[in-house]
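Student: Could you walk me through this structure? I would like to start with how residues are sorted by accessibility.

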Amino acid sequence: MSRRRVVGVVTALVCVTVVALGTRVSEESADYAVHRAPLGVLVDYDAGRAGVDAVEVGTRLVRNGQVTAQTTGVFVALRLHVQAPGTEEVRFQQVALLAQGSTSYAGYGLGSTVGAEPGFETTRLVLFEVSPGRITDLTFEGRNTKIVSGFHQRLQVHLGITAANAAGWAAAAQGREIAYEADEVTRGLG
Amino acid sequence: MSGLDGAARAGRRSWWATAVAVLLVALYLVWWLTFTRMHLPPTRFVQRPPGATATSQGAEFRLVSLQQTEQLSDGDEPVAAAAEAVWVVARFTVTVRAAEAVRSCAVRLVGPEGRTWEKPAAYLSRETPDCVPRDAAVGAVFPVETFFEVPRADVAGLRGVAVTRYDAGTESVLVPGS
C-alpha cells in the first residue's frame with residue numbers, strides 16, 4: 001500500500017472517530033431525574049422551582065384581536081412558571097407534550113428556551129398543537145439538556161385530561177379562541 | 001517535467017499535512033476549553049476600594065456611577081423594568097491601554113450571596129455606547145455605559161460591578177469613587 005493511501009485511510013479513521021465522539025458527547029444522557037408536579041404547584045427543579053397552570057384548549061389563537069393561527073386539531077395553551085431563587089439561572093432547553101403511545105408534541109411557535117435569571121420568576125405562555133384523538137393523559141415535559149450532555153432533570157406535569165373527560169375537553173376546544181397578549185412575563189422575586 | 005510534478009505533489013502534501021495538524025490542534029483546544037469550563041470552580045469576586053480600576057482585554061475600567069431607576073430610555077421611549085424589579089445603570093470611563101483585536105467590555109453586576117446579572121439580551125437604544133470603538137487608539141478615554149435588570153429585593157445588597165476576565169479565576173468588583 002502506498003504512503004498516500006495509508007495517510008488517506010488514517011485521516012478517514014481520525015475523521016470518523018471525531019464525528020463519533022462528537023455525536024456521543026452531544027447525545028442525550030440516560031442519566032436524569034424526573035420531578036412530577038401536580039397542576040398548579042411549583043416543585044423543585046434544577047437550581048430553582050417550576051410548575052405549570054392555566055391549561056386552555058381551543059382551535060384559534062388570537063393576539064391583539066387578530067386571529068394569528070387556526071387548526072383542525074387542538075391548540076393546548078399552558079403557563080410555565082420558572083423561578084430562580086438562588087445564584088444560578090434556571091432554564092428549560094426543551095419543552096414537549098407527551099401523549100399516549102410514545103407520541104410527543106413539540107412546542108408550537110416557541111423560542112428555543114424558557115428561563116429565569118437569578119432572583120426572577122419568568123412566566124411563559126407555551127403552546128402545542130395536538131391531535132384531538134390523542135389528548136388523554138397529555139403530560140407537559142420540560143428538560144434542561146445541554147449540548148454536552150450529562151445528568152439532567154425533567155419536569156413532568158399531567159394536565160388533568162383523563163380517559164373519562166377527554167371527549168369533553170376535545171368538544172370544548174372546537175371553535176374556541178385562545179387569547180394571548182405577552183409571550184413572557186418576568187417579575188422579581190420578593 | 002516529472003521533477004516539477006514531484007515538487008508540486010510534495011508541496012500539496014505538506015499543505016494537507018499542515019491543514020490536518022491545525023485541525024487536530026483546534027479540535028484539542030475546543031475539547032480542552034469545554035472540559036475546563038465545565039470543571040472550573042465558580043468565579044471568585046474580589047472587592048476593590050471605591051474608585052479603583054480593573055483591566056481586561058487591554059482596557060482599564062473605572063466605575064463612575066451606579067444608579068437605580070424605574071424606567072430606562074430606549075431612544076425616546078421609556079421602558080419600565082419588570083414587576084418587582086428595577087434597572088441599575090453602570091457608567092464607566094474606559095482607558096485603552098493596549099491594542100486588542102477583540103474587546104467585549106463584558107461586565108457583571110454582583111449582588112448578595114454571589115448572585116450576578118449580565119446586561120439583558122433585549123436591545124435598548126442608548127446615547128452612551130456599551131464598549132470602546134474597535135479601532136480605539138492607545139491612551140484614549142471613553143465613557144461607557146451598561147445596564148442591568150435586578151430584583152428590587154436585591155438592590156440594597158449590591159456589591160458592585162465585576163469586569164469579566166478571561167485569563168484568571170478572580171474578578172475585581174468595582175464601586176464608584178466618592
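Tutor: A residue is called buried under 20% relative accessible area and exposed over 50%, with partly exposed in between. Please keep in mind that this is a predicted model.

Student: OK, so is B:Tyr28 buried, partly exposed or exposed?

Tutor: B:Tyr28 has a relative accessible area of 49%, so it counts as partly exposed.

Student: And how many aromatic pairs are there over all chains?

Tutor: The count comes to six aromatic pairs over all chains. One of them is formed by B:Tyr28 and B:Trp31, a tilted pair with 5.9 Å from centre to centre and 35° between the planes. These two residues are three apart in helix H1 (residues 2-39) of chain B, which means that about one helical turn separates them.

Student: What about B:Trp87 and B:Phe147, how do their rings sit?

Tutor: Their ring centres are 5.8 Å apart and the planes stand at 85°, so this pair is edge-to-face, given that an angle over 60 degrees counts as such. B:Trp87 belongs to strand S6 (residues 85-96) of chain B and B:Phe147 to strand S9 (residues 141-151) of chain B, so the pair ties together parts that are 60 residues apart in sequence.

Student: Are B:Trp87 and B:Phe147 buried or exposed?

Tutor: B:Trp87 and B:Phe147 are both buried.

Student: Switching to chain A, which residues do ring pairs link into a cluster?

Tutor: The cluster is made of A:Tyr45, A:Phe92 and A:Phe140. Another ring, that of A:Tyr32, has A:Arg154 lying over its face, at 3.6 Å from the ring centre.

Student: Where does A:Thr103 lie, and what is it in contact with?

Tutor: A:Thr103 lies in strand S7 (residues 103-106) of chain A, and its relative accessibility of 19% makes it buried. A polar atom of its side chain lies 3.3 Å from the backbone oxygen of A:Gln100. Once neighbours within four places in sequence are left aside, A:Thr103 is in contact with A:Leu97, A:Leu98 and A:Arg134.

Student: Backbone next: what is phi of A:Asp46 near?

Tutor: Phi of A:Asp46 is near 55°, a positive value in a residue other than glycine. Most residues other than glycine have a negative phi. A:Asp46 sits in the loop between strand S2 (43-45) and strand S3 (48-63) of chain A, and it is partly exposed at 32%. A:Ala54, in strand S3 of chain A, also has a positive phi, near 50°.

Student: Last one, how is chain A divided?

Tutor: Chain A is divided into domain 1 (1-28) and domain 2 (31-188), and 41 Å separate their centres, taken over C-alpha atoms.

Key
Residues numbered from 1 in each chain as written. Chains lettered and ligands numbered in written order. Predicted model: local features only at pLDDT ≥ 70, side-chain atom pairs only at ≥ 80, totals over all residues. Heavy atoms only, no water. Phe/Tyr/Trp six-rings, centres within 6.5 Å; stacked < 30°, edge-to-face > 60°. Helix = DSSP H or I, 4+ residues; strand = E, 2+ residues; numbered from the N terminus. Buried < 20%, exposed > 50% of the residue type's maximum accessible area, 1.4 Å probe, protein only. Lys NZ or Arg CZ within 6 Å of the ring centre and 35° of its normal. Polar contact = N/O pair within 3.5 Å; in protein donor to acceptor, adjacent residues only side chain to side chain. Contact = heavy atoms within 4.5 Å. Domains from an automatic or database assignment.
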